[in-house]
Amino acid sequence: MSYTELQVTTNFSFLRGGSHPEEIVEQAIALGYKEIGITDRNTLAGIVRAHAAARGRDIRIIVGCRLDLADGPSLLAYPADKNAYARLSELLSVGNLRTEKGKCVLYREDVYLLSEGIRFIAVPPPLLNASYRFDADFTQALEAYKEALGNRLYLAANRSYQANDNKRLYRLAQLSERLGIPLVATNDVHYHIPERRELQDVLTCIREKCTIHEAGFRLHQNAERYLKPQKEMLRLFAQYPEAIANTQEIAAASLFSLDSLEYVYPEEICSEGRKPQEELVLRTWEGAAERFGNNIPDKVAAQIREELTFIERKNYASYFLTVYDFVRFARERNILCQGRGSAANSVVCYCLGITSVDPTKFRLLFARFMSDARDEAPDIDVDFEHERREEVMQYIFEKYGRDRAAIVATVTQVHSKGAIRDVGKAMGLSQDAISRLSGSVFWFSEDINREKIIENGFNPDDAHLKKTMELTHQYIGFPRQLGQHTGGFVITREKLFHLCPILNARMENRTCIEWNKDDIETLGFLKVDVLALGMLTCIRKAFDLAKEHYGKELSIAEINKTEEPAVYEMISHADTVGVFQIESRAQMSMLPRLRPKCFYDLVIEVAIVRPGPIQGDMVHPYLRRRTNKEPVTYPSKELEEILGRTLGVPLFQEQAMEIAIVAAGFTPAEADQLRRSMATFKAKGMVSRFEKKLVEGMVSRGYDETFAKRVFRQLEGFGSYGFPESHAASFALLVYVSSWIKCYYPDVFACALLNSMPMGFYQPAQIVIDARKHGVEMREVDVNYSGWDNTLEEGTSGRYHAVRLGFRQISGLKENDMQLLLAARQQLFQSVAQLSDAGVPAAALEKLADADAFRSLGLDRRQALWEVSALADKPGGMFTGQSPEGAGEIGIELPAMSLSEHVVHDYAALALSLKAHPVSFVRSRLAVLNITPANELSGLKNGMPVRVAGLILVRQRPGTAKGVCFITIEDETGCANLVVWQQTFDKYRKEIIQSALLMVEGTLQIEGEVIHVVATKCFNLSVLLRELGTPAGEEPPLMTTSRADEKEADDQSYKTRDKRVQQAAQGELFFGGRNFR
Amino acid sequence: MAKRYAAIWFPHLITDRIVRRLPELRGQPFVLAAPEHGRMVIRAASLKAEQCGVRTGMAIADARAALPGLQVIDHIPGLEQKLLCWLAEWCLRFTPIAGIDLPDGLLLDTSGCAHLWGGEERYLGDILAKLRQLGFDCRGGMADTIGAAWAISRYGRTGCIIAPGEQLQAIMPLPPAALRLSSNITEKLQKLGLYEIGNFTKMPRRALHRRFGQQLISRLDQALGQEFEPLQPVQPVQPYAERLPCPEPIRTATGIEIALQQLLEMLCRRLAAEEKGLRRAVFKSYRIDGNVQQITIGTSRPSHNVAHLFRLFDIRISSLEPDLGFELFLLEAPVVESATAAQEALWHSNSVNDDKLAELVDRLVCRLGDRSVFRYLPAEHYWPERSARAAASLDEKPATEWRVDLPRPVHLLPKPEPVEVAVPLPDYPPMHFRYNGMLHRVRKADGPERIEQEWWLQRGEYRDYYAVEDEAGRRYWLFRSGHYGATTPRWFLHGFFA
């Protein structure tokens, strides 16, 4: 006789199950189970994981679910076939959609309605009552179930070594006999091995929001809910052999497998009754004619034909058409979009308008996608303007219906910090101890490291702490909740909830499915990513501005037709503030070395400054080869083809994976598994297994071991930030387009960029400075001239228009208030009262005054504020418009404001100032300290000692740089790039983190156009800025101790007289510097 | 008489108090923090921490980033108030009227006090010096008005005493914040360039009122003495103690009893008036030769019943040795809890709520010793030894119910006692067992119930419990420690069923 476990709770029953589905399956295999049922609570989210783990192994997953009902005992449900599964899925969807996200409310009636073909096991309460009986409501519910479900109902019997097990079993047997409901043995498995009980206890605490010490009877009293060997289960149920036999009955009847689910494309993608392939052929040639004119080059035509036959062979036409549908809609609505991914870089996609990367311009990437050997699903992600993506999503929901289109889920995993917090809290550690512990994983490393723990004042050998850490380690990687994928859509022909339960997303008007993208892929469903990209919004706005002010009709494809040397020249000088992707500090220091000359160089540029190539130490070899300092060689003949286009150095994710296949003998599936296991850091054991296989495989084929290790490290880097060539190409296109606009229309570019904020790497202040450097006139915000957005105005001189800053730059101002202002601005405002009469609230007027926006009324910010603050008792009602009582108060003179004060207040209101740079006011004092202005650094010699000072723009400690901190500072002449090594950083940590105005002493490193200052000492000069906010010549009042105070003067006990001054001193007024990892 | 006020400011009130408690923190960077919107926010920072750039209102994470060694102590809400009350009471030695000024100051009405110390400078100097001796960093100011004294104590640059009638000149150079204005007003004044109070004192009141509202005007008037500002004085709490000096030394038990009776009546009258009851009382007897003897009693619930308390003391009065006689008796109640007089039930008085039971318990404890009477409550633990715990008082409500759905013995041994057994099969109860030399044959049995270790408290083997009945019909709770596959499983007897 054999036994099948039918009641298994995995960790997809969040905070209940103590093991991953994979672990359960592995353990079941090890124990010799041939089948195992997975029954998570009101969800099928974990089922695909188990299915994937069982695939190709000697075990079958019985798909099941535990239905927790609002009005009755729980039921375990096992669908017999596809139709029954569809009903189960629908049932869960009903429960999900009737309530908010994360909950599922089901009633008996729902179950009865959709019960056909499903076998049920009723779960009895865990304990008998004081008179050793089941409560009457359970028996009554059971009778009702029996009546509704007939002989598809069973009754679960457990022996988990509770008290009164024998009595309980006896009562169950009685019930079973009386009602004719067969008993089924289950062990209510919550974890795969008994040792997991501790983690399961902690999960219970997290769920119940208590500590382990308070949890009491909410925990299980023993560790018996593990997956027991069959023999043990047979022994436990020796008295009830039919309960064991019934497990086989259910297992034999529940044959549904996820493999039988079929994904069918929607019909709507074709027009006039055509078949998908016919439709695709038609649309492609139509598009080709549009793109290439009537004379389609032979080469292109041949390529199109080849691709179309390939698509037909693989039956991908529907997929391309689905994507085409979205893109078509976006184009109709004038929403910019751009596809990326391996399949996106095909001529077909170019013709369909999915991508603007002209595949004839460079090596056809689609070729590699089109290999029949690689049986992977096509992958097209489409980026849309971030402000308008929702329109596209709603279009999809509307066209296909909420029951046929849904967003893929993301399973949020517990990361180390969250794990420490949760487990620490459950273990009763104090808030402070927890934050110190999680401080041990501060900044980048995902590992919890021993020295850090000691450093933070813990004893790493303390048993309680050790247990906490051990459980934390186990907990990391657990699924925590189902989130919403950024934009992955699944669309089907039939009802989607027949394939998978759907649920409400947290955002209104969106529905999700329970499975994530890997699950979807495992089952062969196809998804399309509808993503949002800020740069597309910026480009769209730039195009609109160019049309309005220059009469130019621009488009991505149009710009991309040419390769302007001027644009590449600009890029090569790292003049790329605000440009897509290549604006970061690391990119900027790479540009002058790489000196991109053509489009493909940009593709490489985008991909090279990434964790993958950096960790794999591939950057410098590539640079050396590119500058002809090193010959281009290939590790072997077979790799020449793969690495040819990148000078023998693997830079792209595909290349590294191909190396694994060609050079280490991986199967494509294995290589893909490898990449994926890198992405989920939980499977630590798996990674080292792959490392061995990869390195040994390559060494045995005659490759250098160090090269093999580098390839592996690179793969590791790709795992977290995968960047394949096809994506790089699509991004490079936007890099080129944004550079082109910046090069030819810097005014348009700056204006569009400011209107698309927040995005990218820089603050508005830097964009303004950069625009001015390119000869663009910037104009102050003004109540009489500004709009909500930044706008272009007729320039007074030069080639470009002037940019008028808009109200959106003023922090805290509401757009609605400004719309009132704009509506009332028929002619120029003459007085503050007019604005107030227009309905602009006093708070908004005050903000406008703070931003110095009343200059056209002849008022500076201080006078304007004086006027605004008097509006409180402005005549209203029938006296509206009359001048307020006491207007023209004479004899009141406000102190005049110095320029430096104005600048400080500009920064406070706008985060930028057009009047002057703050550092310029302290230049004379900096000069005394022998500090070199940033723009004079290039005139000095490499290796010279130097001092620089400026406002901190960006602090960056990339995980790939071994603790090195990169800082960019800015003075009135430009920016300087600092490098702070770990040791120096640790020593001057306080200065680096707290300063607004940082002074650094160090050595100059000049390499061509790339200039760095390697810091040896850091000083906080923020105190100089403090003086800017006060009237010239007056010292900020420090309190001296009073006469009665006999103690030595302690200069600390003063109250700074003004919050603003204090802010300036702390650097809060000026951008605190942005931190990137 | 003209009014004079002093304001005292404690820039590091909270942290100074922490240092008083934990002297090892002196000179260390540390902060007090409390959770706010899910993150820990600094509520007070020590001088050293401030010097390192840590400020009140920063998040702990930010402060730690700058100062990794920063020590964090949990902030106690309401601590400022308590501390200031204490300091204000302490200040009563300098003036009869002292008030607190949250969050970090004191206000003293010093009218007519200073001359006793030989002038205001010496008076204020003395207060500040003594406060510093207590460990509190402080600054002070004196003036005709509370407002001016406050301003000069916080923002004064040259002197800290404003001569009578000179408050206007004195506060003119101070920043507007010295007027105790809300931050939006000071911010607005700042933006308008009105950095000093003197910038706007001459402006028409109307113009000021329109822009800044009544608060500015009011505060200005208060500082200048044109508007009266009341001071809310604190009153010290009296400790619960009574004294009875004796004109003649007392040597007899009767004499002591009379004294005790009198003291109890005095104390209980006061307790009853305040709806309080004592949980502990100390009766101190001072002998003429300087020797002090004392009797301590405790009660299981707050009481102000003279007769009951007297009986508790009475049992032990014989232990006092009057020798040459006592000259002073003192009765103190160090632990006092509130005791609301409950309305007497007419009939069916609940035994637990009955004072008689409590009083019986008190008497038993008095006679038999401290650890002789217990009340047990169920505790939420599966592990039998921890499933019940001694209650702290008769009134304590159980956090959980006694479980009735599990077989649990009426008498649980504090320590399981080993027994010899004969066991047929795994997961079966023993056939017979030997306990205290007696052999018991098992007739009926139930089990096993497996109880695992509470791993967060201790490690070890789990237990399989069996309830068994012997031939005589007596029932026992036995368990086997550890897995039956283990080499020699050990068996224990842990309790008796009725």
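Where is A:N164 found in chain A? The third legend below takes up this question, and every view comes from a predicted model.

**View 1. Strand 2 of chain B has partners in strands 3 and 4.**
Start with strand 2, which covers residues 30–36 of chain B. This strand is mostly covered, as five of its seven residues are buried. Follow strand 2 to strand 4 (residues 71–74) of chain B, and you will find a parallel pairing over four bridges. To get your bearings in this pairing, look for B:V31, which stands opposite B:V72 of strand 4 in chain B. Strand 2 of chain B also pairs with strand 3 (residues 39–45) of chain B, and here the two run antiparallel, joined by six bridges. A handy landmark for this pairing is B:E36, whose bridge partner in strand 3 of chain B is B:R39. As you look along a strand, remember that side chains in a regular strand alternate between the two faces of the sheet.

B:P103 sits in the loop between strand 5 (97–101) and strand 6 (105–109) of chain B.

**View 2. A:Y161 and A:N164 lie in the loop between strand 5 and helix 6 of chain A.**
Here is the reply to the opening question: A:N164 is found in the loop between strand 5 and helix 6 of chain A. A:Y161 lies in this loop too, with strand 5 spanning 153–157 and helix 6 spanning 165–179 of chain A. Take a look at the backbone of A:Y161, which has a positive phi of about 55° although this residue is not a glycine. A:N164 is not a glycine either, yet has a positive phi of about 65°. Are these residues buried or exposed? A:Y161 counts as buried because its relative accessibility is 2%, under the 20% cut-off. A:N164, at 7% relative accessibility, counts as buried as well.

**View 3. Confidence along chain A includes stretches with pLDDT below 50.**
Chain A has a mean pLDDT of 82, and 88% of its residues reach 70 or more. Over residues 442–446 of chain A, however, the pLDDT is below 50, and this stretch has eleven contacts in the model beyond near neighbours in sequence. Residues 1032–1071 of chain A also have pLDDT below 50, with 92 contacts in the model beyond near neighbours in sequence.

Conventions: Residues numbered from 1 in each chain as written. Chains lettered and ligands numbered in written order. Predicted model: local features only at pLDDT ≥ 70, side-chain atom pairs only at ≥ 80, totals over all residues. Heavy atoms only, no water. Buried < 20%, exposed > 50% of the residue type's maximum accessible area, 1.4 Å probe, protein only. Pairing = 2+ DSSP bridges. pLDDT = per-residue confidence, 0-100. Contact = heavy atoms within 4.5 Å.
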